[in-house]
Amino acid sequence: MPDLFRGGTLEMSQVPLTAPGTAELWGDCMVNRIAVMVCLALIVVEIPNILRIYPSLIRCVPLWKANVDVEHSMGTARTRNTISVVLIPVLCVLADRWRLIAPSFKTALPDYLQLAVTAGIIAGMLLLRRLLFIISRFRNRRNEYNATMQNSLYNYLIILCSVMLVTVLLLLAISAADEVVRVVLLAEAAFFSLLYLVRKSQILSSRFSSFATILYLCALEILPIGILIFVCAL
């Protein structure tokens with residue numbers, strides 16, 4: 001009887017198996033860790049500029065004309081542009097970490113590629129929006145009104161990103177579940193997107209008829225946002 005068990009092979013994994021409930025976390029990916037550290041460093045560098053420009057940006061929430069005022073001041077507009085360049089990567093990290101942008105083709109990729117895909121989707125939306133403005137009558141950025149049309153998005157993007165950062169810190173402090181954080185961030189993104197569209201329609205209606213305002217708003221703003229939402233739903 002013992003002879004039956006001689007000469008057998010042990011069919012067993014030679015590497016440790018992952019225990020249930022110990023799946024790799026987002027922060028375990030080295031690419032994500034580096035991105036977070038870079039974003040934190042950029043935010044620290046830009047904090048003085050953010051504090052200086054924030055009163056002007058906050059006025060854009062209740063007043064559409066405040067967007068024109070931001071563009072009228074070359075120094076303020078230049079600072080706003082610099083801050084937006086810094087905070088767009090931060091927005092990408094937040095969107096990837098809490099799956100605000102999580103189409104199926106992205107989640108099927110390795111963890112170290114997913115942040116790049118998120119950044120690519122956001123950059124693609126901004127690039128499409130830029131191309132639409134280039135072929136529109138608002139392509140001349142030297143004109144103050146045209147510059148306001150093109151750049152007012154970044155006023156609200158900066159506010160949105162700062163609100164998201166504060167929200168994340170507060171919710172993490174009370175150990176909120178990731179799904180709760182995700183829902184809150186999505187609600188904030190929806191609110192500021194709607195606010196931006198309302199203010200943009202007011203900027204347009206100051207010079208154009210209601211029909212032209214709707215056409216320009218759909219072509220220049222709603223189309224890129226709609227494509228972003230469509231991609232996120234894939």
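The lining of the largest pocket draws at least two residues from each of helix 3, helix 5 (111-134), helix 6 (144-173), helix 7 (178-205) and helix 8 (210-232). The model is predicted, so local features are reported only at pLDDT of at least 70 and side-chain atom pairs only at pLDDT 80 or more, whereas totals for chains, interfaces and linings use all residues. Residues are numbered from 1 along each chain as its sequence is written, and side-chain values use heavy atoms, with hydrogens and water left out.

### Overall architecture

The protein contains 8 helices and 0 strands, in the order α-α-α-α-α-α-α-α from the N terminus. Helices (H or I, at least four residues) and strands (E, at least two) are DSSP runs, numbered from the N terminus. Of the 234 residues, 39% are buried; buried means under 20% relative accessible area, exposed over 50%, and partly exposed in between, with a 1.4 Å probe and protein chains only. Among contacts with a separation of 6 or more, 70% join residues 24 or more positions apart, a contact being heavy atoms within 4.5 Å. The protein exposes about 13,700 Å², of which carbon and sulfur atoms supply 69%; accessible areas come from the Shrake-Rupley method with a 1.4 Å probe, and for residues only the protein chains shown count as cover.

### The largest pocket

The largest pocket has a volume of about 640 Å³. Its lining comprises 25 residues, and the closest to the pocket centre are Met125, Leu160, Ala189, Ser193 and Leu228. On a 1 Å grid over the protein atoms alone, a pocket is an open set of points where a 1.4 Å probe fits, with protein on both sides within 12 Å along at least five of seven lines; lining residues have an atom within 4 Å of a point. Grid points are joined across faces, edges and corners, and the volume is the space filled by probe spheres set on the points.

Serine 193 is found in helix 7 and counts as partly exposed, at 31% relative accessibility. Serine 193 and isoleucine 225 are 32 residues apart in sequence, with 8.7 Å between their C-alpha atoms. Met125 is one of the buried residues of helix 5, and Leu228 is among those buried in helix 8.

The table compares end-to-end C-alpha distances with the expected span, which is 1.5 Å times one less than the number of residues.

| Helix | Length | C-alpha span | Expected span |
|---|---|---|---|
| Helix 3 (74-97) | 24 residues | 35 Å | 34 Å |
| Helix 5 | 24 residues | 35 Å | 34 Å |

Helix 3 bends by about 25 degrees at valine 86, and proline 89 follows within four residues. In helix 8, a kink of about 45 degrees lies at isoleucine 222, shortly before proline 224. The bend at a residue is the angle between axes fitted to the seven residues ending there and the seven starting there.

The buried residues of helix 5 include Gln114, Thr118 and Arg129 as well as Leu115, Ile121 and Phe133. They pack against helix 1 (30-58), helix 3, helix 4, helix 6, helix 7 and helix 8. In helix 8, the buried set includes Thr213, Glu221 and Pro224, and the cover over its buried residues includes helix 4, helix 5, helix 6 and helix 7.

Arginine 97 lies in helix 3 and is partly exposed, at 22% relative accessibility. Leaving aside neighbours within four places in sequence, arginine 97 is in contact with Trp26 and Asp178. Arginine 97 and tryptophan 26 are 71 residues apart in sequence, yet their C-alpha atoms are 6.6 Å apart. Valine 31 is found in helix 1 and is partly exposed, with a relative accessible area of 36%. Its C-alpha atom is separated by 5.8 Å from that of tyrosine 112, 81 residues away along the chain.
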